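Trainee: Could you walk me through how to read a structure like this one? I'd like the general idea each time, then the case at hand.

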Amino acid sequence: MPDLRRRRSLGRLLALGAAPALASACAPVAFVRDARVADTPRFALGVASGSPAADSVVLWTRLAGDALAAEVPVAWEVAADEGFGRIVARGSEPARANDAHSIHLQVRGLEPARWYWYRFAALGQRSPVGRTRTAPAAEGASAAVARLDFAIASCQRWDHGYWAAWRDAAAHPSGRPLDLVLFLGDYIYEYGSPPGAVRAHEGGAVSTLEGYRARYAQYKSDPLLQAAHAVCPWIVIWDDHEVENDYAALQGEHLQPGFAARRAAAYRAWWEHMPLPPALRPVEAGGGAMTIHGRLDWGRLARLHWIDTRQFRDPQLCPRPGRGGSNTVRLRDCPALITEPARTLLGAAQERWLAEGWSLTQPWNLLAQQTLMARFTREAVGSRPDPREPAAMQGRYWTDGWDGYPGARQRLLSVLAERKVPGAVVLGGDVHANYVADLRLDPDETDPTRSPLVATEFCGTSISSRGSAQSAVDAALRFNPHIRHGRSEERGYVRFALTRERLEADLRVVADPKDANSTVTSAARFVVEAGKPGAERA
Ligand code: FE
Ligand code: CA
């Protein structure tokens with residue numbers, strides 16, 4: 001007997017609670033009319049698309065329920081219209097038990113810069129309909145694309161709250177649908193739930209393939225997350241909680257033996273549940289090593305780069321005794337932070353790949369990565385008489401983020417400065433707060449002729465994971481004047497509209513994370529003008 005409560009259309013779900021926020025919007029919710037949440041039990045985990053290119057996109061689903069054969073044929077269709085009157089591609093793909101009955105279908109031969117609709121069918125049941133799109137091509141008519149609407153999101157801890165933010169993302173309150181979602185890490189959390197959680201994780205902490213698969217299935221059962229996947233393609237990168245808090249390469253937080261096997265299981269489950277190309281399917285050896293960084297040209301408007309700051313990093317310095325993972329340390333107690341500048345956050349190969357790949361011809365370079373890049377000291381940093389000095393032995397830093405790898409950050413920002421990379425915008429998450437920052441080679445140098453602004457940073461807050469107290473952020477902000485905006489007690493995501501002339505950022509914030517029907521409103525808006533790094537409040 002199907003659960004009838006769940007057979008509401010996404011359109012209706014989106015209308016719930018979204019109405020107040022939409023009252024002043026210029027357009028009503030135009031949504032995929034046929035899309036249904038868990039329309040049929042076999043497709044209870046929804047559909048998704050991702051990794052868009054000018055001529056292809058990846059379609060994803062995973063069959064749910066018991067008694068599935070080792071191989072189940074899944075029919076698929078891609079149409080040029082919402083009513084599936086003009087089918088442009090169709091076929092059948094086996095869902096295999098070995099892949100948790102997930103499908104990763106790379107549909108090729110599509111036209112650039114246009115919307116498509118897709119659906120699956122298996123075992124006599126039909127999936128919800130998803131909407132997706134291709135990127136504009138680097139050459140030809142579509143390259144002259146005028147606009148990109150996208151969102152960044154991260155950190156959706158299930159037991160910390162509901163995901164009204166995803167309803168807002170799917171319902172395009174700005175009147176324009178999102179072309180793309182960039183998910184920047186912490187799609188799941190591996191923990192068990194404490195008593196009294198808003199909604200509990202099923203089972204305890206997960207560390208096995210079966211455990212991770214079940215955790216993804218629980219997260220993917222959320223109708224609002226399904227709605228956000230169904231409206232546009234996603235580009236996904238991972239952070240730590242897809243595996244374990246604060247892990248670094250093949251080192252677990254507790255230096256536990258057998259971490260490589262745990263990581264391999266987690267990486268595999270991540271691939272199984274994300275709209276990633278079949279070619280990325282991980283192998284067991286070496287902790288499931290997987291290349292997830294990449295780049296995409298959005299016509300001649302922007303080059304988008306996404307990177308992996310987990311898999312290839314050096315371990316965090318100065319951990320608490322007997323363990324790995326992060327710590328918050330004074331620089332004077334952990335001088336290796338600056339005396340070992342060769343330490344890496346990306347690994348040498350990825351760092352080189354990024355340095356060589358910046359576009360010097362497009363007006364914008366967007367860098368999607370996991371965490372806050374701007375220096376964030378929790379204690380005062382003294383004035384420096386000699387600006388050539390590498391850094392003062394002052395300040396207090398969290399070692400898991402870029403502050404734990406200042407040499408790597410300096411190398412990245414130096415490339416942007418030396419090559420005069422246009423329109424560099426760093427996008428991040430992880431720290432469960434909205435930060436808007438100026439990125440300079442020397443954050444304490446306020447004279448722009450000595451240390452020019454080389455990039456703008458938007459670190460978006462969490463979808464639901466709780467943040468620190470605003471009082472702690474306020475206390476630190478006065479030591480970090482290059483951070484123009486810092487808010488840790490708001491949940492949500494950031495919506496962007498990019499044109500050749502400017503980038504507009506809209507910090508969307510959930511009124512009540514304990515309420516799935518919460519309103520979502522703009523907490524702040526910022527604008528970055530092309531050719532002039534640094535965000536101004538709009
Ligand atoms: Fe997080
Ligand atoms: Ca994280």
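Trainee: Is cysteine 155 buried or exposed, and what is its relative accessible area?

Mentor: Buried means under 20% relative accessible area. In this predicted model, cysteine 155 has 0%, so it counts as buried. Tyrosine 189 is buried too, with 2% relative accessibility.

Trainee: Which atoms coordinate the iron ion (ligand 1)?

Mentor: For a metal site, list the donor atoms, then look at their angles. Here the iron ion (ligand 1) is held by Cys155 (SG), Asp186 (OD), Tyr189 (OH) and His432 (NE2), at 2.0 to 2.4 Å. The angles among these four donor atoms run from 86 to 171 degrees, and the site is irregular. Four donors count as tetrahedral if all angles lie between 85 and 135 degrees.

Trainee: What spacing do the donors of the iron ion (ligand 1) follow along the chain?

Mentor: They follow C-x30-D-x2-Y-x242-H. Cysteine 155 sits in the loop between strand E9 (148-153) and helix H3 (164-170), and tyrosine 189 in the loop between strand E10 (180-183) and helix H4 (209-220), so this pair ties together parts 34 residues apart in sequence.

Trainee: Which residue coordinates both the iron ion (ligand 1) and the calcium ion (ligand 2)?

Mentor: That's aspartate 186, and the two ions are 3.8 Å apart.

Trainee: How many bridges join strand E15 to strand E17?

Mentor: Four, between residues 364-368 of E15 and 424-428 of E17, and these strands run parallel. One place to look is leucine 366, whose bridge partner in E17 is valine 425.

Trainee: And how many residues are in the largest nonpolar core?

Mentor: For a core, ask how many residues it has and which have the most contacts. The largest one has 80 residues, and those with the most contacts inside it include Phe150, Leu182 and Leu427. Helix H6 (residues 259-273) gives the largest share, seven residues. Beyond its neighbours within four places in sequence, leucine 182 touches Phe150, Ile235, Ala368 and Leu427, among others. Another core lies apart, with 31 residues, including Trp402 and Val473.

Terms used:
Residues numbered from 1 in each chain as written. Chains lettered and ligands numbered in written order. Predicted model: local features only at pLDDT ≥ 70, side-chain atom pairs only at ≥ 80, totals over all residues. Heavy atoms only, no water. Pairing = 2+ DSSP bridges. Helix = DSSP H or I, 4+ residues; strand = E, 2+ residues; numbered from the N terminus. Core = buried A, V, L, I, M, F, W, Y, C linked by side-chain atoms within 4.5 Å. Buried < 20%, exposed > 50% of the residue type's maximum accessible area, 1.4 Å probe, protein only. Contact = heavy atoms within 4.5 Å. Donors = N, O, S within 2.8 Å, 3.2 Å for Na, K, Ca; no water. Tetrahedral: all angles 85-135°; square planar, octahedral: opposite > 155°, others 65-115°.
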